[in-house]
Amino acid sequence: MKKLKFYAIGFIPGLLIVFFILNKKGASCSGYLPNSRVIAETLSKEFKYSEEAKTAMTTYKIDEKFIKDSIITNGKVDFDRSHAQKKPCPDYLLTYPEKNPTYEITFEKCEESVTVNGLKKLK
């Protein structure tokens with residue numbers, strides 16, 4: 001029991017100190033999840049749009065800024081319907097927003113660029 005007290009006396013303050021240091025630096029563990037990694041990698045590449053995607057963007061009155069800043073940034077990758085292991089360019093299906101999706105977007109993430117292949121309005 002004495003060892004447990006000594007352990008708690010050191011562990012709890014140490015945990016609090018680490019929490020406050022990481023909180024000030026704005027550190028987060030959310031970037032390690034597969035959805036976050038795919039989105040971060042996608043946003044770091046050059047975007048290209050297929051003719052089908054351009055037509056859908058015109059039809060739904062959506063611009064490139066909305067696709068990047070809203071749909072892809074806040075979307076959720078559907079890994080069941082994506083081909084993440086496809087070589088050389090995996091393709092993904094992303095829904096936006098996460099709950100009650102309104103848009104569905106398909107894109108290929110290659111080494112240098114991302115090609116948006118399709119955009120579909122669900123509702």
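## Surface and charge

The accessible surface of the protein is about 8900 Å², and carbon and sulfur atoms account for 59% of it (Shrake-Rupley method, 1.4 Å probe; for residues, only the protein chains shown count as cover). The model is predicted: local features need pLDDT of at least 70, side-chain atom pairs count only at pLDDT 80 or more, and totals for chains, interfaces and linings use all residues. Residues are numbered from 1 along each chain as its sequence is written, and side-chain values use heavy atoms, with hydrogens and water left out.

There are 21 positive and 15 negative side chains, with the centres of the two sets 13 Å apart. Lys and Arg count as positive, Asp and Glu as negative, and His and the chain ends are not counted; a charge is placed at NZ of Lys, CZ of Arg, CG of Asp or CD of Glu.

## Fold and dimensions

The protein has four helices and five strands, in the order α-α-β-α-α-β-β-β-β from the N terminus (DSSP runs numbered from the N terminus: helices H or I, at least four residues; strands E, at least two). The protein is more spread out than a compact globule, because its radius of gyration is 21 Å, well over the 14 Å that the globule rule gives for 123 residues (taken over C-alpha atoms; the rule is 2.2 Å times the number of residues to the power 0.38). Along the principal axes, the C-alpha atoms fill a box of roughly 70 × 30 × 25 Å.

Contact means heavy atoms within 4.5 Å. Among contacts between residues at least 6 apart in sequence, 41% join residues at least 24 apart.

## Nonpolar core

Of the 123 residues, 31% count as buried (under 20% relative accessible area; exposed is over 50%, partly exposed in between; 1.4 Å probe, protein chains only). The largest nonpolar core has 21 residues; such a core is a set of buried Ala, Val, Leu, Ile, Met, Phe, Trp, Tyr and Cys residues joined through side-chain atoms within 4.5 Å. Elements giving two or more residues to this core include α3 (51–60), α4 (64–74) and β5 (113–121).

Ile67 is among the residues with the most contacts inside the core. Beyond four places in sequence, Ile67 contacts Tyr49, Met57, Ile62, Ile72 and Ile105.

Ala53, in helix α3, is buried at 0% relative accessible area. Leaving out residues up to four places away in sequence, Ala53 touches Val116, Asn117 and Gly118.

Ser70 belongs to helix α4 and counts as buried at 16% relative accessibility. With residues up to four places away in sequence not counted, Ser70 touches Lys65, Gly75 and Tyr96.
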